[in-house]
Amino acid sequence: MNEWAGGFPGTLVSDDTAFDVEFEERLRDSGTLAFRVAYGVLRQREDAEDVAQEAFARAFRHFPRLRDRERFRAWLVRTSWRLAIDRWRSDRRRVAREQVVHPAAPPVSSEDLVVSTERAAHLWRAIDALPDKLRIVVVLSAIEGHDVREVAALMRLPEGTVKSRLFLARKGLAEKLRCLSNSQ
Amino acid sequence: MSFEQPVSAAEADLERLLAIEPSAGFRARVRERVAAESMRGQRWSWTLVLVRAGALVTVVVALLMPILSLDVDRPTPPSAPPVFLTAVHRPDAVPLVVRSEPIPAPRIARRRTASPAPREPEVVWDARGAYAIARLVDLAHEGTIVSAPSAPERTPLAVQPLSVSPVTVFSQMLQQD
């Protein structure tokens, strides 16, 4: 069916050229989006790239019914989010087990240094405390300047639902940040 | 609202934190991963084809097995004695079905005639017996047959009357009790 050129990593060649050209276009268009969605959950570049790769591999399997650009992006965002959440939860369980034996400091990425490390840690902690359906709205609205309409399109939800979730998310975020500031 | 200002600052921080680009080799790794996925998909597709073909063959064999085993395994029943049907012509019978086309003339079996009464068995004499009978007849005609002397008159035997003593066993048993 589709075979990719091994020696030339920039392009792909197969019998179904139109199919591969479209998929390459989607990869250029949505690769960073999938990565950022995963990064918004995992905060580790390598893990986020792994999750984005997995999401693209799954997207390739379903690509015949995902050839529409908007449908593809929405599907990719939701899949990346779910995969990232799954990995994040399994990592948390694993870290919790390991910390019983070897207490370790939370990893600090270079991106966290853009914002002060302490503020970034507070922010991530507050976001992690939100319910999943509020958390994804906050993350998606912070990526690539998505407005409510674009988030609604990516989530396949009505705009009103996204608006109310965004309101609740911001309210919860403010409370969490205040609690974290007071606890210090 | 009261939470607008800190949340706006947090959102601005979040946007900066998420304005991150994947590494340079990200797309190439995605292509490799998808290529591997494609190859695995091809292998799976062949495997699926083989599995489906095997399942189809199994189903066909399962369906045909009873039919084939009829000829192979089923024991032949003992042959029943042949039944011969004989049509009997009844001139007064009314046909059940009326056909527009001409009905071929039925093949009428020949009525079986009643068999004759069995003859008495023929008495067969051997030559000497036949000669003796013929000689007896001739002598009877000639009147030369001498009747045998009559047997002496027999006197009946005198039988003494039997005297049976009464049975005493039962009375003895009663006395013993």
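In the predicted model, Arg170(A), Leu173(A), Ala174(A) and Leu177(A) of helix 7 of chain A meet Pro6(B), Val7(B) and Ala10(B) of helix 1 of chain B. Sorted by class, this contact of helix 7 of chain A with helix 1 of chain B holds six nonpolar residues and one charged residue, with no polar residues. The two helices pack at an angle of about 95 degrees, and their axes are 9 Å apart; helix 7 of chain A is therefore roughly perpendicular to helix 1 of chain B.

Helix 1 of chain B also packs with helix 4 of chain A, here at an angle of about 100 degrees and with the axes 10 Å apart, which makes helix 4 of chain A roughly perpendicular to helix 1 of chain B. On the chain A side, the residues involved are Arg119(A), Ala120(A) and Leu123(A) of helix 4, and they meet Ala10(B), Asp13(B), Leu14(B) and Leu17(B) in helix 1 of chain B. By class, the contact of helix 4 of chain A with helix 1 of chain B comprises five nonpolar and two charged residues, and no polar residues.

The arrangement of helix 1 of chain B itself was examined next. Its 15 residues should span 21 Å at 1.5 Å a residue, and this agrees with its end C-alpha atoms, which are 20 Å apart. The buried residues of this helix are Val7(B), Ala10(B), Leu14(B) and Leu17(B). Seen down the axis of helix 1 of chain B, these buried residues fall within an arc of 75 degrees, so they line one face of the helix. An α-helix has 3.6 residues a turn, so residues three or four places apart point the same way. The other side of helix 1 of chain B carries Glu4(B), Gln5(B), Ser8(B) and Ala12(B), which are exposed. The buried residues of helix 1 of chain B pack against helix 4, helix 5 and helix 7 of chain A. Across chain B as a whole, the secondary structure comes to four helices and zero strands, and buried residues make up 6% of its 177 residues.

Taken over both chains, the contact draws 33 residues from chain A and 28 residues from chain B. Helix 1 (17–42), helix 2 (45–61), helix 4 (117–128) and helix 7 (159–183) of chain A each supply at least two residues of the side of chain A that touches chain B. By class, this side of chain A has 19 nonpolar, five polar and nine charged residues.

Within chain A, helix 5 (132–142) is one of the helices against which the buried residues of helix 1 of chain B pack. Helix 5 of chain A is mostly covered, with nine of its eleven residues buried; these are Leu134(A), Arg135(A), Ile136(A), Val137(A), Val138(A), Val139(A), Leu140(A), Ser141(A) and Ala142(A). The axes of helix 5 and helix 7 of chain A come within 9 Å and cross at roughly 95 degrees, which makes helix 5 of chain A roughly perpendicular to helix 7 of chain A. This contact is made by Lys133(A), Leu134(A), Val137(A), Val138(A) and Ser141(A) of helix 5, together with Val162(A), Arg165(A), Leu166(A), Leu168(A), Ala169(A), Gly172(A) and Leu173(A) of helix 7. The residues of the contact of helix 5 with helix 7 divide into eight nonpolar, two polar and two charged.

Most residues other than glycine have a negative phi. Glu144(A), although not a glycine, has a positive phi of about 55 degrees and is found in the loop between helix 5 and helix 6 (148–155) of chain A. With 13 C-beta neighbours inside 10 Å, Glu144(A) counts as partly exposed. Arg43(A) likewise has a positive phi, near 60 degrees, and its place is in the loop between helix 1 and helix 2 of chain A. Arg43(A) has 24 C-beta neighbours inside 10 Å and therefore counts as buried.

Elsewhere in chain A, Glu70(A) is found in helix 3 (residues 69–101) and is exposed, with 11 other C-beta atoms within 10 Å. The C-alpha atoms of Glu70(A) and Glu150(A) are separated by 9.9 Å, although the two residues lie 80 residues apart along the chain.

Notes:
Residues are numbered from 1 along each chain as its sequence is written. Chains are lettered from A and ligands numbered from 1 in the order in which they are written. This is a predicted model: local features need pLDDT of at least 70, side-chain atom pairs count only at pLDDT 80 or more; totals for chains, interfaces and linings use all residues. Two residues are in contact if their C-beta atoms, placed from the backbone, lie within 7 Å. Ala, Val, Leu, Ile, Met, Phe, Trp, Tyr, Cys and Pro count as nonpolar, Asp, Glu, Lys and Arg as charged, and the others, Gly among them, as polar. Axes are lines fitted to C-alpha atoms, for helices over the stretch in contact, and angles run from 0 to 180 degrees between N-to-C directions. Angles under 35 degrees count as roughly parallel, over 145 as roughly antiparallel, 65 to 115 as roughly perpendicular and the rest as oblique. A residue is buried if 20 or more other C-beta atoms lie within 10 Å of its own, exposed if 12 or fewer, and partly exposed in between; C-beta atoms are placed from the backbone. The expected span of a helix is 1.5 Å times one less than its number of residues. The arc is that of the directions from the helix axis to the C-beta atoms.
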